[in-house]
Amino acid sequence: MSDLIVGIDLGTTNSEVAAYVDGRVRVLGPGETKMLPSCVGLSPDGKLLTGEPARNQQLLYPERTVRSVKRKMGSLENVTLGDKVFSPQEISALILRELAEWASHELDQRVGRAVITVPAYFSDAQRTATREAGMMAGLEVVRILNEPTAASLAYGFRDSARRTVMIYDLGGGTFDVSIVTIEGDITEVLASHGNNQLGGDDFDDLLVKRLEREFHQQHGFWLSNNHQAARARLWWAAEDAKKRLSSEPHVKVREEALVVQDGKPLHLEVEVSRLEYERLILPLVESTLDSVSKALEDAAKKPGDVDAILLVGGSTRTPLVSRLLQERTGLEPRQDVHPDLCVALGAGVLASRLAGHDVERVLVDVSPFSFGPSYLGERGGAQYPHCYRPIIRRNTPLPVTRTESYYTSYARQTEVRLEIFQGDDEDALRNILVGDFLVERLTPVDEPNEVMCRMNLDIDGILHVTAIEKRTGKSKQITITNALQAKSDAEIANARKRIEDLYASREPSFVDYEDEDDMESEPDEGPAAEMETEPASDFQEPAGSNGHVVSMESPEWAETRRSAVEAIQRSRRLLDSMHQEDKEEALELVQKIEAAVASHDSSSLRDAIKTLEELLFFVETV
Ligand code: AMP
C-alpha cells in the first residue's frame with residue numbers, strides 16, 4: 001500500500017493532477033501543458049474519448065461530446081453521448097480516471113487517494129457529487145478543498161502573519177473572485193463572487209465573430225451552420241490567436257481554403273492587434289471588476305486591506321486583466337505560480353502534507369527582475385528619452401518570451417539604439433543598464449517605422465533581445481548571458497539609493513548627467529553581452545502598423561546627449577577656476593542643455609553644447 005496522495009483540480013475547462021516527486025510538488029502528465037481538457041466523448045464508432053481527442057471532435061459531433069460538465073455537478077440533469085446516457089458524476093469520474101492514470105503512469109505507482117478541489121461557492125450537493133465522482137473513479141477522496149484555498153497553499157503564506165488575499169480566477173468558462181484570510185494553516189473564505197457563464201471561451205467567441213466579419217468583407221460570404229468544419233477551424237484559430245496576443249503586440253491569422261465556392265478556394269488572412277483585441281474584450285473584463293468590488297464589499301474590506309492578489313486560471317494570462325486589476329486596486333497582481341496549474345499545485349501541497357511530507361509551498365522558477373528597453377516618451381508633459389516600461393515583469397515564470405512594438409521617432413530614420421535595462425522604475429536611468437546595441441539599416445520611410453523588441457529569458461538566466469523591423473523582418477539580436485545574476489536585490493537597492501541621494505542633493509544640476517554616466521558604465525561590471533545578427537529569413541513578421549505608439553531614441557540623439565554629458569563634466573571640472581562672469585554663463589548654458597534634453601530639442605541642444613565648448617576652450621587656454 002503506497003502513501004501516495006495526489007491533488008486534483010477538476011476544472012470546468014481543463015483538469016490537472018499534481019503530486020510530491022523528488023522533493024517538490026509537480027504537475028504530472030504527458031505533453032507540454034500537462035492539462036487535460038475536461039471533455040468526454042463517444043466517437044462515431046462508439047469508442048470513449050477523454051481530453052484532447054474529445055475536444056477535437058466537439059465541433060464536428062456536438063451530440064457525442066460533453067464539456068463543462070462541472071456546471072451540472074449536483075444536479076439531476078443527465079448527459080447524452082450518442083445513444084448512451086450518463087450522470088454528471090460519471091462523466092467527471094471518467095476525467096478523474098484519466099488523471100489518475102496519468103499520475104500512476106508517470107510515477108509507476110498505483111494512485112488510490114486524492115484531494116479534489118471545488119469552487120468556494122459549491123453547495124453540499126455539488127461537493128457530495130464531486131466526492132461520488134472520485135469514488136466512481138476508484139479513488140478515496142481524502143479531502144474536498146476549496147479552490148481559492150488551494151491557490152493560497154500554492155503560494156505559501158504559512159507564516160504567523162494574518163493576511164487578506166484576493167484570488168481572482170478567470171478560466172475558460174467561469175469566473176470567480178474570493179477574498180480569504182490566511183493565518184498559519186487556516187484559510188477562511190470571507191466572500192466569493194463571480195459569473196459561472198464568463199471566461200476565455202467568450203473571448204474566443206468575440207474573436208471568431210471578428211474573423212467571420214473579416215471573411216465576409218474579403219469574399220462577401222457569411223459562414224453558416226452548414227460550414228461546421230470551417231467554423232471549427234476559425235474557433236481553433238481564434239483561440240490560438242488569443243493566446244499569442246498575450247505575449248505579442250499583433251498576430252496574423254491565415255486559414256487557407258476555409259471555404260471552397262464554385263470550385264474556388266477562399267482564404268482568410270487578417271492581422272489582429274492586441275489593442276483591437278483588448279477593445280473587443282474590455283466590457284467583459286470590466287464586468288469582472290464589478291464582481292471584485294462586490295466581493296470586497298461582502299468581505300467588509302477595502303482594496304487597501306488586501307495584502308496580495310493571486311491570479312488563477314488560464315485567461316488571467318491576458319495582459320489586460322492584470323493591468324485593469326492593478327489600476328482598480330493599486331496592487332500588482334501575482335502570477336508567479338503558473339495561473340492554470342496553480343489550483344492543482346495547491347491541491348498537491350495539501351495532498352503531500354497529508355501524506356507526511358513537509359511542503360511549504362510550490363517552487364517555480366521565476367525571473368526575480370523586470371527587463372525592458374528605454375524609449376522616447378513623455379514625462380511631466382515634456383518629451384523624455386529614457387522612459388521605461390518592462391517587457392518581462394518581475395516574478396514571471398520562466399522560460400518566457402514577450403514582444404512589444406516601438407516606432408522610429410522621425411522621418412527616414414535608419415538607426416535606433418536599443419538600451420536594455422533591469423529594474424522597475426519608469427525612469428530608465430534609475431534602473432540598471434544591462435546591454436545596448438545599435439540597429440542599423442532600417443528602411444528609410446516617412447511614416448513611423450515599427451521596430452519590435454522581442455525578449456526571451458530562459459531558466460538559466462540567458463536573455464536574448466531581438467530587434468525586428470516589422471516591414472522587412474530584418475533583425476538583430478543581443479545575448480545577455482547571466483541576466484539573473486546581474487545584480488542582487490541589495491545591489492539594486494544600493495544603486496537606487498545612490499541615485500536618489502544624488503538627485504536629492506543636486507546642485508546646480510550637473511548630477512543628472514553624472515548619474516547617467518555611471519549607469520552607462522554598468523555593463524562592464526555587469527552581465528556579459530554578445531552581439532549576433534540573425535539572418536532575416538529566420539523571421540517572417542507581418543507587414544502593417546499596429547500596436548501601441550511609443551518611439552525609440554535615435555542614435556544621433558544618443559550621440560548628441562553623450563557630447564552634452566562630456567561638456568557638462570568638463571565645465572564642472574573647470575568651474576572653480578572660472579571668473580564669476582564665465583561661471584554664470586557656464587551655469588546658464590548647462591541649464592539650457594538640460595532644458596533641451598528634457599524637451600528633446602536636438603538643434604537647441606547642439607547650439608548650447610557648441611557655445612559651452614567654446615567657452616570652456618577659452619577658459620582652458622587663457
Ligand atoms: P483554465 O480553465 O484555467 O484551464 O483556463 C482555460 C482558458 O484559458 C481557456 O479559455 C484558454 O484559451 C485560456 N488561456 C490559456 N492560455 C492562455 C493565454 N496564454 N492567454 C490567454 N488565454 C489563455
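**Exercise 1.** In which hand of crossing does α7 pass α8? Work out the geometry of this pair in the predicted model.

*Solution.*
- Start with the axes: those of helix α7 (residues 274-298) and helix α8 (residues 319-329) come within 9 Å and cross at roughly 45°.
- Next, classify the angle. Angles under 35 degrees count as roughly parallel and 65 to 115 as roughly perpendicular; α7 and α8 are therefore oblique to each other.
- Now the hand: α7 passes α8 in a right-handed crossing.
- Finally, look at who touches whom. On the α7 side the contact includes Arg274, Glu278, Ile281 and Leu282, and on the α8 side it includes Pro319, Leu320, Val321 and Arg323. By class, the residues of this contact divide into 10 nonpolar, one polar and five charged.

**Exercise 2.** Describe how α2 and α3 pack, and sort their contact residues by class.

*Solution.*
- Helix α2 (residues 88-107) and helix α3 (residues 124-136) pack at about 55°, with axes 8 Å apart. That angle makes α2 oblique to α3.
- The crossing of α2 past α3 is right-handed.
- From α2, Gln89, Glu90, Ser92, Ala93 and Leu96 meet Ala129, Glu132, Ala133, Gly134 and Met136 of α3. Sorting them gives five nonpolar, three polar and two charged residues.

**Exercise 3.** Is Thr466 buried or exposed, and which side chain does its own side chain contact?

*Solution.*
- Locate the residue: Thr466 is found in strand β24 (residues 463-469).
- Check its accessibility: the relative accessible area of Thr466 is 5%. Buried means under 20%, so Thr466 is buried.
- Look for a partner: the Thr466 side chain makes a polar contact with the side chain of Gln477, at 3.1 Å.

Technical notes
Residues numbered from 1 in each chain as written. Predicted model: local features only at pLDDT ≥ 70, side-chain atom pairs only at ≥ 80, totals over all residues. Heavy atoms only, no water. Axes fitted to C-alpha atoms, helices over the stretch in contact; angles between N-to-C directions. Helix = DSSP H or I, 4+ residues; strand = E, 2+ residues; numbered from the N terminus. Parallel < 35°, antiparallel > 145°, perpendicular 65-115°, else oblique. Left-handed = near helix turned anticlockwise from the far one by under 90°. Contact = heavy atoms within 4.5 Å. Nonpolar A, V, L, I, M, F, W, Y, C, P; charged D, E, K, R; others polar. Buried < 20%, exposed > 50% of the residue type's maximum accessible area, 1.4 Å probe, protein only. Polar contact = N/O pair within 3.5 Å; in protein donor to acceptor, adjacent residues only side chain to side chain.
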